[in-house]
Amino acid sequence: MLYVELFLQGLIQGSIYALVAVGLTLVYGLLRILHIAHAGLFTLGGYIGVLVTDATGSLALALLVAAVTVGLLGMALYRVCYEPILNKPPFVALIASIGLFIAMEEIYRIVFGPYGLSYQAPPLQDSVVLWGMHLTQAELAVMGGGVVVIAVLALLAEKTRAGTAWKATVTDPQMAQSFGIDTVRVRYLNFFIGSALAACAGVMVALMNNLVEPTMGSVPSYKALAIIVLGGLGDVRGTLIAALALGVIEAFGTIYLGDLMDRDAIAFAFLIVVLMIRPQGLLGRKA
Amino acid sequence: MLDAYHISLLTVMGISVTFALSLNLITGFCGQISLGHAAFLGIGAYGAALLSKAGLPVPLGLAAGALLAGAIGAVVGLTSLRVRHDFLAITTMGVGFLFLGIVRQQDALGGEMGVSGFPGTGLDKEGFMVLVLAVAAATAAFSLYLKKSWLGFAFDAVAEDEDTARLLGVDVARFKLAAFAMGCAIAGLAGGLYAHNVRFIDPDSFGFVESITVLSMVVIGGIGSVWGVIVAAAGLSVLPLWIQFIEDYKLLIYGGLLFAVMRFSPGGLAGAVAAVARRGRTEP
Amino acid sequence: MMSRLLKGTALAAVAALFLAGGAGAETIKIGMNAPQTGFAAADGKAAVIGAQLAVEQANAEGGVNGNQIELVVYDDQAAPKQAVPIATKLIEQDKVAVGISGSYSGATRAAAGVYQAAGVPFIAAYAVHPDVTRSGDFVFRTAVVGEVQGRAGAMLAGKMLGKKRAVVITLKNDFGVSLSAGFKEKAADYGITVVNEYEYSIKDRQFGPIVTKVKVDNPDVIYATGYFFTAGPLVSQLRAGGVDATVIGQEGYDSEKFITIAKDAAEGVIITTSLDRDSTVPETKTFIAEFEKKAGFAADMVAASGHTAAKVAIAALRKAGSTDPKAVRDAIAATNVTAAIGDISFNSLGEVRKNVQVQIVKGGAFHRHSVISDPDLLAPPEK
């Protein structure tokens, strides 16, 4: 039973990782940018979630507002910050993104205060007891939400025109363009969806911790990078599996490897081993 | 002459310049990006601090720290033979976290409590500053020399296009390892100086943020440009101290500056200066 | 060439600072390093406001022997690297008579070395690293070191609450590690068996796996080290996960934010700290009231420590009758004042001697539970 419960806890953490990392891998797949500032959008989602929930009492509305606002902001970020430097060497965008992330964290601190925010009356806090396991509704929602989002995304990618356009653009932008795909629109859509998912993750994390802090994004900022690499950069399905796997590994590692190394080190030790054996990532295809 | 405050500022600058130039060797000259360079600063710092605590003379401790950092750097360099570009960036970032994770758990290395109370250099503040500046100057001179030497050309070839270099018969692996070993050894030396300057080291001082900071110095200065990196490292290392009077907005400005330089002058300072010079020449 | 240019700019910046500051000739300066930006900004701000309050109170009473006091604060971002030049600047340029630290252990330890070398007295408000005071005889601390507070936690759990089976959850930094070490050292003496131990990093907010395992361990008390921003999520997740054991925390929990985060789950949590919310001592009562008025949020341990450190410095300056560093140092060493955190004095190492306040969360606020005053148990290290 202990192992099952630890496994579930790992899946919860993994779902959060997945929601954040999917956006990151979408951006990487399309633009070859390591978008660190993505974690800043995740944090903003958390703030909007708390503010809207407290003002209106509706978590659903908060999720919607956070997703739309942050999604639009993600598009704006692309337009203002990334588009002009797309043709530069990759480290340029990486550093620009890091700068942006630091600035975002500081803006949150100045605007919302250094102590962070908590829900006045956090929703979904009641425990559900399943076969002797205690889970809060929020934790169940995270797992359920993660699964739904991922399924929908997979469906969209396979079955819709937008999905086809996206895949075509990732595979060969020039070719895609010559087939009449509006690659610029694909990019905007990409940033919108990725950022909106990160915002939802932010709202859910805020719910589980009942705390949003300016530095809330610092762990996801590098953990998500590790995940998308493991998943084979740009590969959505691989990223999802890597995220869940890392969540589970960390859950067990925290308990059984705690004396050896901390959570971050566990994640990265795993990453380095995988990369040395499979340089294209755990699930990536050979280029 | 200089007062103690400016001596301490110049010391901080000198250490940062040395550290940034060491990354410039790897990232600037040889084109191998690293997001975990602070680990080598840390290895040098821990080496120097623990060895001098164990009774070794300070110069030996500094040298041993640098050698250790260089040796581990060469091992980490092996990964660059296996993965490239973004993958290498993430791998080196992982190395940084592994270093921290290991140090945190080892009581012999001070664990979470860090290391303090190790013997000093015996130099006064001014003397120590001179030592630091001398090391920085020597690193700069070495960098300039390297850039012009055959080794520098080989690095250049690897950085430009390693597949072509390989076709031309350049032993890519050897040069990559050489760059990592040299760069990390110098970072280790900078770390030793850091330890003797702050007189207290803990794992948090060598984390991801520090790796990002030094990479920013290199990139803002102009990747590969020795002079640009010197100016950027000197400036950025004391920037947070200069802008004390705008307290609340300090990190915001730092982040904004990083972004702005990349957005508007991706060649860094060196690139901007070159652009201005070009414009000056073409104007009548 | 470059360094000359940079130095010129630095000098200009410094000159601007002086003009802006408009420092009078008759003021006595107290220097303070504290994080104002970055991850530790919240604690740094509270400590600074606490210290400012002490300075304002003293100035209203006529300052130090007729001279006004000025608090010079610089931001060290809680980074040891920044703390060294800042301490140097405070000593050499601002010519402060006393330095206080409203920062975390790393930065405080780094600054302490500079003050000691310069022979200027230095008081750490709440940094708990044992090495801080080992820097030398000019360095003092108004907070109880981690080990001592951990021992108090063991006494609280075993002797006062009669608990037998403990789980220790340790925050992995100098603060958490030294607290847990003190607890484990004394646990057996008070009849407690430590059934399991876990560690987490300061960045962790998700404790699902630990909660799951603790449930299996089935302890009757949990000694969990941390700060309000880790302890809030930890305690609420423990309760949501069905763990009912008593949680014992420390001064890191001591913030209204802890209760804001953990909500109902915070009820019944007991902490060892230095600020007694139900104190009848006028000094403490005044502090709690005036701090809230000035800051706009409720006083906590960090604020009280900042206030106390500044108050100790001011009292010593008054007693010494001059700003001669040696005289001020001796006056601090002989401190015997009633501060916001109670009656305090220092031992030969510069460690504070004071009672440990035990507070319990009841009805959404911290209230007095008991006071631990066993002088043998609480004896700070002498070397």
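Trainee: At what angle do helix α5 (residues 125-148) of chain B and α8(B) pack, and how far apart are their axes?
Mentor: The angle is about 165°, and the axes are 11 Å apart. Axes here are lines fitted to C-alpha atoms, for helices over the stretch in contact, and angles run from 0 to 180 degrees between N-to-C directions. Helices are DSSP runs (H or I, at least four residues), numbered from the N terminus.

Trainee: What should I know before reading on?
Mentor: This is a predicted model, where local features need pLDDT of at least 70 and side-chain atom pairs count only at pLDDT 80 or more, while totals for chains, interfaces and linings use all residues. Residues are numbered from 1 along each chain as its sequence is written, and chains are lettered from A and ligands numbered from 1 in the order in which they are written.

Trainee: Back to that pair. How are α5(B) and α8(B) oriented to each other?
Mentor: Roughly antiparallel, therefore, given that angle. The label applies to angles over 145 degrees; under 35 is roughly parallel, 65 to 115 roughly perpendicular, and the rest oblique. α5(B) passes α8(B) in a left-handed crossing. Left-handed means the near helix is turned anticlockwise from the far one by less than a right angle; right-handed means clockwise.

Trainee: Which residues make the contact of α5(B) and α8(B)?
Mentor: From α5(B), F128(B), V132(B), V135(B) and T139(B). From α8(B), I186(B), L189(B), L193(B) and N197(B). Contact means C-beta atoms, placed from the backbone, within 7 Å. By class, there are 6 nonpolar, 2 polar and no charged residues. Nonpolar covers Ala, Val, Leu, Ile, Met, Phe, Trp, Tyr, Cys and Pro; charged covers Asp, Glu, Lys and Arg; the others, Gly among them, are polar.

Trainee: Over to chain C. At what angle do helix α5 (residues 146-160) and helix α6 (residues 174-187) of chain C cross?
Mentor: Roughly 45°, with the axes coming within 6 Å. That makes α5(C) oblique to α6(C). Their crossing is right-handed. Residues meeting there include G146(C), G150(C) and G153(C) of α5(C), and S178(C), A181(C) and G182(C) of α6(C). The contact has 8 nonpolar, 8 polar and 4 charged residues.

Trainee: How is chain C divided into domains?
Mentor: Domain 1 takes 2-144 + 280-350, and domain 2 takes 146-273 + 357-372. Those bounds come from an automatic or database domain assignment. The domain centres, taken over C-alpha atoms, are separated by 30 Å. In the contact, 9 residues of domain 1 of chain C touch 11 residues of domain 2. The domain 1 side has 6 nonpolar, 2 polar and 1 charged.

Trainee: New topic. How many residues of chain A and chain B are in their contact?
Mentor: Chain A gives 36 residues and chain B gives 34. On chain A's side, α4 (90-112), α9 (218-230) and α11 (263-277) each supply at least two residues. The largest share, 13 residues, comes from α4(A). That side divides into 30 nonpolar, 1 polar and 5 charged.

Trainee: And how many from chain B and chain C?
Mentor: 36 residues from chain B and 36 residues from chain C. On chain B's side, α10(B) gives the largest share, 8 residues. That side has 17 nonpolar, 10 polar and 9 charged residues.

Trainee: What pLDDT does chain C average?
Mentor: 90, and 93% of its residues score at least 70. pLDDT is the predictor's confidence in each residue, from 0 to 100. Over residues 1-25 of chain C, though, the pLDDT is below 50. For the complex, the predictor gives an ipTM of 0.88 and a pTM of 0.86.

Technical notes. Two residues are in contact if their C-beta atoms, placed from the backbone, lie within 7 Å.
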